[in-house]
Amino acid sequence: MGSISGMNYAVVKTYSGWENKTAGEILKLRKEYGEKSPEYNEIKNCLRCKGCYDRWLKIYKCEPNEGQLPVLTHVDRCNSGGTHFRLRVGATHEVKSCYYNDPYEFIREQSDTYRDVEMGERGRARLTILNLLNPRSSPKDIKGKAGKTNRLNSQKRFGFLQEVYDRYNDDWIILPIETEEGKKVKIDDLIVSPLQAKRKVQEKEKSICIVMGTVLKVLNQNSGGYINIRFEDDRQYPYFQLSVKPNHIYNEEDLKCLVNRKIACYGEARCNKGYPQMELLSIDRQIVFMDIKESKPRPVVIPQIKIDRVQEKIMNTMGATETDLDVNNFTYYNNKQNDIHHLEKQIILYENQKEQKVHNYRQIKHLMEGISREKEDLSQQLEDGHSNQKVIGSKLETKKQKIREKLFKLIGRNHSKEVQELIQEKERIDKEIKQLEQNIISIEQRFTELLSEENKVQQSIKELNQNIKNTQDEVVQLRQGLKWEEEWKQNIGTENVYIYRKLLSNQPKDLLIAVQIVQSLDTADLNINYFTQQHWKNEPTKLYSNTKKGLTISIHPMDVYVYDTLENNLKYALNKLLPTDTDKRSSLSSKKESILQN
């Protein structure tokens with residue numbers, strides 16, 4: 001590449017040191033005071049080459065004298081190319097590698113500053129704009145190039161191509177570059193009008209080019225989610241358009257700064273379903289504002305991630321609904337702390353009742369043991385009675401067989417003393433046995449009554465134990481719940497927090513998802529923190545567990561498809577945030593849930 005004849009910048013030595021001047025500033029001075037004014041004459045012979053000045057500082061680590069830098073002449077050609085500086089007749093660039101004489105050092109410096117250019121062969125810039133802006137690039141890929149960070153100020157927010165144009169003005173077209181496709185050309189070889197770009201894509205020629213023209217309007221997002229930008233230079237349908245895809249960080253307001261501006265847009269022209277277009281991924285990297293020399297300001301577009309779009313992504317991806325809750329709503333356990341004293345008194349009452357029931361239980365057990373011994377004695381007596389009854393019966397039967405029937409009839413039954421005694425003995429034993437059986441039945445009835453009473457007392461003791469345990473659990477729950485509450489509020493904070501609710505089927509609890517969104521106004525970085533907390537069904541402010549923090553999602557300002565990235569990260573986060581199968585089983589098997597719900 002040869003030397004650049006037109007320069008946009010100059011330096012001037014003043015009493016306080018060297019100062020930068022632009023061609024536009026000098027033009028304004030000439031217009032305001034006149035060509036022969038003292039104000040202009042004082043400065044016109046002091047204009048020096050900024051490229052030589054910058055290189056001198058880098059090489060010699062000190063400031064040069066005026067005589068060590070070439071003198072420049074200010075040129076006013078607003079009607080035919082614009083205002084600029086050029087070397088005065090007979091002057092040459094005095095410092096080695098001045099970037100107006102040799103772009104090598106300029107390209108090397110820019111490759112150290114910008115991520116959209118690399119140093120190619122000597123004097124050639126290898127562009128990486130489209131590689132960097134590929135929507136399939138992950139946030140990790142973007143952050144991996146943290147050594148080359150474009151600062152978000154008016155000087156560094158824009159990319160390499162704008163820097164080239166600002167530095168060289170119209171002569172930027174002779175800068176040698178290498179495209180992402182590997183083509184080695186000059187910038188001028190890529191420049192086409194919107195009509196020329198349309199003809200290229202209609203001829204099935206898909207290629208990287210620079211479309212130059214004036215923006216006519218920005219169309220509202222169509223039904224497919226695309227935002228299209230039209231040029232004044234193409235009024236014939238189908239129009240060649242710059243196109244912004246759905247889920248892009250830009251919205252219509254971000255793009256309106258392009259209207260009525262003469263721009264050059266670097267990218268790949270192609271045909272999409274019959275429509276000629278170039279995808280616009282980044283104003284900063286792809287677009288060069290060609291009308292800055294006409295005193296039009298260069299817009300600094302720092303697209304803000306729209307909270308409503310973030311919320312929509314969260315609700316759609318996580319299957320959650322937005323709530324109107326904020327940190328001040330979570331006071332359930334705090335308000336219940338005064339109940340602890342009452343509950344502790346209730347525990348003491350239950351324990352006293354239990355002690356009385358235990359005393360009653362012991363008395364019943366003692367009575368039952370006595371009745372059991374008495375029953376054993378009666379049973380033994382009954383058994384002996386049955387034995388005696390059997391013996392007497394056997395004796396009586398034997399006597400009957402020994403007495404002859406005739407004699408027995410003559411003497412008569414009542415006249416046999418021995419037989420009469422046996423009959424009387426048998427009757428007495430029968431009576432004793434009957435009495436014993438009645439006594440045993442009575443004792444068994446009493447035993448059954450005591451057993452029933454024992455079961456009732458046991459059940460009362462069991463219920464009291466359960467009441468004590470449940471009340472103790474409730475006290476523990478209230479104390480633990482206060483910690484959960486404080487932890488939850490401390491984690492989610494009070495600002496930029498949005499709380500969502502996710503219903504969990506076949507579970508006694510649902511899920512709260514707090515999303516904390518922190519965005520830097522200076523860098524446009526976005527950090528999204530996720531916190532989850534279980535709560536009781538239909539009671540979203542009654543928390544149940546420790547706060548669970550998800551992975552922080554960091555969105556880099558270069559991630560133009562931020563909403564796609566957000567959705568992918570949300571899906572991953574959802575799997576981490578939802579209760580595990582172990583949590584579900586533990587939750588379902590918990591024995592204290594019913595009492596805690598009351």
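Y99, Y100, F106, F160 and Y168 form one aromatic cluster in this predicted model. Rings of Phe, Tyr and Trp (its six-membered ring) pair if their centres lie within 6.5 Å; planes under 30 degrees apart count as stacked, over 60 as edge-to-face and the rest as tilted. By this rule there are 14 aromatic pairs. One of them joins W484 and Y544, a tilted pair with 6.1 Å between centres and 50° between planes. The two residues are 60 apart in the chain, W484 in helix α16 (residues 417-492) and Y544 in the loop between β21 (539-543) and β22 (548-549). Helices (H or I, at least four residues) and strands (E, at least two) are DSSP runs, numbered from the N terminus. W484 and Y544 are both buried, meaning under 20% relative accessible area with a 1.4 Å probe, protein chains only.

Y544 also has the charged end of K509 over its ring, 4.0 Å from the centre; the criterion is NZ of Lys or CZ of Arg within 6 Å of the ring centre and within 35 degrees of the ring normal.

An open sheet of 4 strands runs in the order β6-β7-β8-β9 with mixed pairing; strands pair if DSSP finds at least two bridges between them. Its edge strands each pair on one side only:

| Edge strand | Residues |
|---|---|
| β6 | 117-119 |
| β9 | 184-186 |

Strand β8 (residues 176-178) is joined to β9 by 3 bridges, antiparallel, and P176 has K186 as its bridge partner in β9.

Residues are numbered from 1 along each chain as its sequence is written. Local features need pLDDT of at least 70, side-chain atom pairs count only at pLDDT 80 or more, and totals for chains, interfaces and linings use all residues, while side-chain values use heavy atoms, with hydrogens and water left out.

Conventions:
Buried < 20%, exposed > 50% of the residue type's maximum accessible area, 1.4 Å probe, protein only.
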